[in-house]
Amino acid sequence: MAGIGIRLNKFYKRRSLLSRLGGFAYILGVSVLPMFLVIVAVIIMEKINGFEDIALSSRELFAASIMYCFIFSLLCTSVFNAVFSRYLSDLIYEERFDAIKPCFIFGLFLNAAVSSAFALPFYIRAYIISDIGGWYLFFSYFLFMGLAFSFYSMLYLSITKDYVKITVFYLIAMAVSVLLSVIFVRVFGMDVDFAMLVALGIGFLLVASMNSALTLTYFKKNDGSFTGVLSYFRAYWQIILSNFMYILTLYVHNFVFWGSDMGATVARVYRVCEPYDMASFLAMLTNISATAIFISNMETNFHVTYKKFSESITGGRYSDIKASKERMLTSLSSGLLALVRVQFIISVIIFLLFMIVLPRIGFAGTVMVIYPVLAAAFFVIFLSYGTILYTYYFDDTKGAMIMTGIMLAGTFTVSLFAKHLPVVYYGLGPLCGSFAGWTYGYFRLKYMAKHLETHIFCRGTIVQKGEGIRPDSVVYEK
């Protein structure tokens, strides 16, 4: 993320309101704009191709297929993307650039294997038990793999600092998807839902292809160390768990309501709960700007103070270390408070707009009853993500794992209870689970700040561990 920090500093050093707005627009563009481009592309495809005029069963099947592809491709890639990110950071620090290309190729095959191992049994079963056509299921799988490859390939462009190009690639790919959907419907006479599914699959495969091609232009050499990352899976298994559990926390409450009385089965394959799923989506949109706010603060403030603290340890005086530590911790606390303050204002404004505007365009009833508590829940979930990243900065992977474990367990358990409550309380699961996890993370950060010197300097051993009689504790007598 250092590339983001450099560009943001170019905006912020002008110290004007317009420059700060420009910096915030930039961080929004490189962090959340790709997701909005996908949403806009789907809406345009629906309007142009007359999606609302097709049968309700076809619309439900398309919506369920898309939702499953997005959720479970993200879960599959979350298993190993965090470890690959750590491995790539170490390769760059060690200037082993020739090892990046084989890492990319190995990760691509690993991504394909893990994603296919999950998706293929599901779609084969769907073909056997449902009336969904074979080509429809094939292109659903095609879209699933395109999303998985897109999520994976974006990891490598982030280390080249080409964040803007990621957004440009999404813009190009989604424009192509819209155009292809029109061609498929009006020229080839495809069904609207099937044409949109195929067009989206091609679009995401195009995103992955452009990301991969650009990555390989940066890293052309290959030292043959294809499996070098495997040792990181053993060493950093806590990062794998924490990343997976955080992503699962975003959706586990949906899974609970899929199995509730409100849930429904689409084409004998997909379990959904349309009111709850839509309310969750709106709640996520309400708070998605928290990602941009947090990245902006971390890259322009905390990262700088953290770097100075790290440099002071290697050659500074005690007074320098103490002063840089205090500045770093001050930056951390002020960053968390700023995130809460700014995001709260933004979330309240968006919440009020949604409550006023959405009922006028058809979003009413159960969706808007569930939405308020879920909006508060995702507010805390995104705050928790910032706390997790701070624990990563302090190399406290155990704390991050426990925190996300609390979030996941709390969300799942309370959701099981909340589905029997009145509709307005359906969102209590993610709200209680995320708040419990955030509370633990907050006090964990306070503990780490108090014992930071012990954590940094006292983790190794001077004498190799072994069995036998312990040596005398007296080292020297005059």
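# Rings, burial and bends in a predicted model

Author: A search of the whole structure, a predicted model, finds 39 aromatic pairs.

Reader: What makes the pair of Tyr68 and Trp258 stacked?

Author: Their planes are 10° apart. Stacked requires an angle under 30 degrees, with centres within 6.5 Å. The centres lie 5.0 Å apart, so both conditions hold and the pair counts as stacked.

Reader: What makes this a link between distant parts of the chain?

Author: Tyr68 sits in helix H4, Trp258 in helix H10 (residues 237-258). They are 190 residues apart.

Reader: Why are Tyr68 and Trp258 called buried?

Author: Buried means under 20% relative accessible area. Tyr68 has 9%, so it is buried. Trp258 has 5%, so it is buried too.

Reader: Why is the pair of Tyr246 and Tyr385 called tilted?

Author: The angle between the planes is 35°. Stacked needs under 30 degrees, edge-to-face over 60. Tyr246 belongs to helix H10 and Tyr385 to helix H14, 139 residues apart.

Reader: Are Tyr246 and Tyr385 buried or partly exposed?

Author: Tyr246 has a relative accessible area of 7%. The limit for buried is under 20%, so Tyr246 is buried. Tyr385 has 31%. That value is between 20% and 50%, so Tyr385 is partly exposed.

Reader: Which residues do ring pairs link into a cluster?

Author: The cluster holds Tyr68, Phe72, Phe118, Phe122, Tyr123, Tyr141, Phe144, Phe255, Trp258 and Tyr270.

Reader: Which residues have the most contacts inside the largest nonpolar core?

Author: Leu200 and Tyr270 do, in a core of 89 residues. Helix H8 (residues 192-218) gives the largest share of this core, 13 residues. A second, separate core has 19 residues, among them Phe80, Phe84, Ile100 and Tyr156. In soluble globular proteins, nonpolar side chains tend to be buried together.

Reader: What does Tyr270 touch, not counting residues up to four places away in sequence?

Author: Its partners include Leu61, Tyr68, Phe122, Tyr123 and Ile132.

Reader: Why does Ser78 count as buried?

Author: Its relative accessibility is 4%. The cut-off is under 20%, so Ser78 is buried. Ser78 lies in helix H4 (residues 56-93). Beyond its neighbours within four places in sequence, Ser78 contacts Ile240, Asn243, Phe244 and Ile247.

Reader: How do you know that Ser78 makes a polar contact with Leu75?

Author: A polar atom of the Ser78 side chain lies 2.6 Å from the backbone oxygen of Leu75. The limit is 3.5 Å, so the distance qualifies.

Reader: Why is Arg444 called buried?

Author: Arg444 has a relative accessible area of 19%. Buried means under 20%, so Arg444 qualifies. Its place is in helix H16 (residues 428-450). Arg444 touches Asp396, Lys398 and Gly399, not counting residues up to four places away in sequence.

Reader: What makes H14 mostly covered?

Author: In H14, 22 of its 28 residues are buried. The helix reaches 41 Å from first C-alpha to last, close to the expected 40 Å. H14 also bends by about 35° at Pro372.

Reader: What follows just after H14?

Author: Asp395 takes a positive phi of about 60° there, although it is not a glycine. Asp395 lies in the loop between helix H14 (366-393) and helix H15 (397-418). Its relative accessible area is 27%, between 20% and 50%, so Asp395 is partly exposed.

Notes
Residues are numbered from 1 along each chain as its sequence is written. This is a predicted model: local features need pLDDT of at least 70, side-chain atom pairs count only at pLDDT 80 or more; totals for chains, interfaces and linings use all residues. Side-chain values use heavy atoms; hydrogens and water are left out. Helices (H or I, at least four residues) and strands (E, at least two) are DSSP runs, numbered from the N terminus. Buried means under 20% relative accessible area, exposed over 50%, partly exposed in between (1.4 Å probe, protein chains only). A polar contact is a pair of N or O atoms within 3.5 Å; within protein, one must be able to donate a hydrogen and the other to accept it, and residues adjacent in sequence count only if both atoms are side-chain atoms. Contact means heavy atoms within 4.5 Å. A nonpolar core is a set of buried Ala, Val, Leu, Ile, Met, Phe, Trp, Tyr and Cys residues joined through side-chain atoms within 4.5 Å. The expected span of a helix is 1.5 Å times one less than its number of residues. The bend at a residue is the angle between axes fitted to the seven residues ending there and the seven starting there. Rings of Phe, Tyr and Trp (its six-membered ring) pair if their centres lie within 6.5 Å; planes under 30 degrees apart count as stacked, over 60 as edge-to-face and the rest as tilted.
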